[in-house]
Amino acid sequence: MRYDIAIIGTGPGGVSAALTAKNRNKRIVLFGSRQMSGKVEKAHEIRNYPGLPFIKGADLAAAFRDQLDRMDIPVTETRIGAVYAMGDYFALQAGEEMLEAETVILATGVVQAKPLPGEE
C-alpha cells in the first residue's frame, strides 16, 4: 500500500502532523512510540505549549493518545531503518517490511547531548 504521508515521530510535531493530515483525508501512517515522546512524558511541567499552560508531561502525552484514538489514527511502533527517495515516492524500511509514501515528515525531535569541542 502506498500512503499519502508517512510521519516519523510521536512528539508534538508528529502528532500535530498526523491530526492535520487526517483532517485533510490523507492516507497516513504514524511511526513512533505509543507512549508518545519520552521528553514530553517525563516532563514535570510544560509551560510553553499553546493553550495548555502548566500541564504535566504525562497529562499532555495522555491527551495526545486520546486524540489519536478518537480520530482513529493508530501508532505503528515498528522502527524505521531507512528512507529511500524513489523519484515520485519514498520507500521506508519498517523492520522487515518495505512501505511506500508520497511524502515523509520527519518529526523526531531533538536530543540534548554534550557539546562538541569548541561548540560553545
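Buried means under 20% relative accessible area, exposed means over 50%, and partly exposed covers the range in between, with a 1.4 Å probe and protein chains only. This is a predicted model, in which local features need pLDDT of at least 70 and side-chain atom pairs count only at pLDDT 80 or more, while totals for chains, interfaces and linings use all residues. Residues are numbered from 1 along each chain as its sequence is written, and side-chain values use heavy atoms, with hydrogens and water left out.

Begin by selecting Ser 33, which sits in the loop between strand S2 (28-31) and helix H2 (38-42); helices (H or I, at least four residues) and strands (E, at least two) are DSSP runs, numbered from the N terminus. Ser 33 is partly exposed, at a relative accessible area of 30%. Leaving aside residues up to four places away in sequence, Ser 33 touches Thr 10, Val 75 and Glu 77, where contact means heavy atoms within 4.5 Å.

Next, select Arg 34 together with Asp 69, whose side chains meet in a salt bridge (2.8 Å, N to O), a term for a side-chain nitrogen of Lys or Arg within 4 Å of a carboxyl oxygen of Asp or Glu. Asp 69 belongs to helix H3 (residues 57-70) and Arg 34 to the loop between S2 and H2, 35 residues apart.

Now move to Arg 27 and Asp 4, another salt bridge, with the closest N and O atoms 3.0 Å apart. Arg 27 lies in the loop between helix H1 (12-23) and S2 and Asp 4 in strand S1, so the pair ties together parts that are 23 residues apart in sequence. Asp 4 is buried, at 16% relative accessible area.
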